[in-house]
Structure formats: structure tokens, C-alpha cells
Amino acid sequence: MSPLDTNDDKGATGAAKFVTSTIGNTVGGLGKTVGGVVGAGGRGLGQTITSATGNAGKPVGEAIESLGNGVENGAKNVSQGVEDAGKWK
């Protein structure tokens, strides 16, 4: 047994860590993907509104961009937490 091997990853604990890690990584990855898509969509929509309406629509366009960025960042943070929990951190 090497110094890096421990009994922490054997038996039921090891099986539980494997399952929670797999689930955490999957759910976390999906959350990041969805957040990225929503964020990109919000930025694109906001930029389109700003471009199409000029100064009149700029506050609305920037608000939509900010909302998209907020959703993306929130999803990223939550997803990272899910992944960390799956890794028992």
C-alpha cells in the first residue's frame, strides 16, 4: 500500500464517493452549460436591442446583458458548489 492510499476510499464510503462524485460532476456540468447558454443569449439579445434602438434602448439592452451575465455567474457558482459537494469538499 502506497502512502497515498487510505481506507477512506474503500467499501461503502468509496462507493458513496464514486456515486456522489459522478452525480455532482454531471449536474454541475449541466448547470454550467445551461448558465452559459442563458448568459450568452442574454448578452446577444441585449446587444441586439442596443444596436437596433440606439441610445433610446441602450438602458434596456444593458439591463438584459447584465441579467444574462448574472444568471450565468450564479449558475456557475451553484454548479461549482454541486461539484465540490460531490467530491466531499
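Residues are numbered from 1 along each chain as its sequence is written, and side-chain values use heavy atoms, with hydrogens and water left out. Because the model is predicted, local features need pLDDT of at least 70 and side-chain atom pairs count only at pLDDT 80 or more, whereas totals for chains, interfaces and linings use all residues.

**Exercise 1. State the secondary structure of the protein and compare the span of α2 with its expected value.**

Step 1. Helices (H or I, at least four residues) and strands (E, at least two) are taken as DSSP runs and numbered from the N terminus. On this basis the protein has 2 helices and 0 strands.

Step 2. Helix α1 covers residues 11-53 and helix α2 covers residues 58-86.

Step 3. The expected span of a helix is 1.5 Å times one less than its number of residues. Helix α2, with 29 residues, reaches 42 Å from its first C-alpha to its last, which is close to the 42 Å expected.

Step 4. Just after α2, tryptophan 88 takes a positive phi of about 60°.

**Exercise 2. Find the salt bridges and describe where their partners lie.**

Step 1. A salt bridge is defined as a side-chain nitrogen of Lys or Arg within 4 Å of a carboxyl oxygen of Asp or Glu. By this rule the count comes to 3 salt bridges.

Step 2. Glutamate 83 pairs with lysine 32, and their closest N and O atoms are 3.3 Å apart. This pair links distant parts of the chain, with glutamate 83 in helix α2 and lysine 32 in helix α1, 51 residues apart. For accessibility, buried means under 20% relative accessible area, exposed means over 50%, and partly exposed lies in between (1.4 Å probe, protein chains only). Glutamate 83 is buried at 11%, while lysine 32 is partly exposed at 32%.

Step 3. Arginine 43 and glutamate 72 meet in a salt bridge at 2.6 Å, N to O. Arginine 43 lies in helix α1 and glutamate 72 in helix α2, so the pair ties together parts that are 29 residues apart in sequence. Both partners are partly exposed, with arginine 43 at 23% relative accessibility and glutamate 72 at 24%.

Step 4. Lysine 58 forms a salt bridge with glutamate 62, where the closest N and O atoms are 3.9 Å apart. Because these two residues are 4 residues apart in helix α2, they are separated by about one helical turn. An α-helix has 3.6 residues a turn, so residues three or four places apart point the same way. Lysine 58 is partly exposed at 37%, and glutamate 62 is partly exposed at 41%.

**Exercise 3. Identify the buried residues of α2 and determine what they pack against.**

Step 1. In the protein, buried residues make up 19% of the 89 residues. Those of α2 are Gly61, Glu65, Gly68, Ala75, Ser79, Glu83 and Gly86, and the buried residues of this helix pack against α1.

Step 2. Contact means heavy atoms within 4.5 Å. Serine 79, which lies in helix α2, is buried with a relative accessible area of 5%. Leaving aside its neighbours within four places in sequence, serine 79 is in contact with Gly28, Gly31 and Lys32.

Step 3. Among contacts between residues at least 6 apart in sequence, 64% join residues at least 24 apart.

Step 4. Valine 78, also placed in helix α2, counts as exposed at 57% relative accessibility. Valine 78 and glycine 28 are 50 residues apart in sequence and 7.8 Å apart in space, C-alpha to C-alpha.
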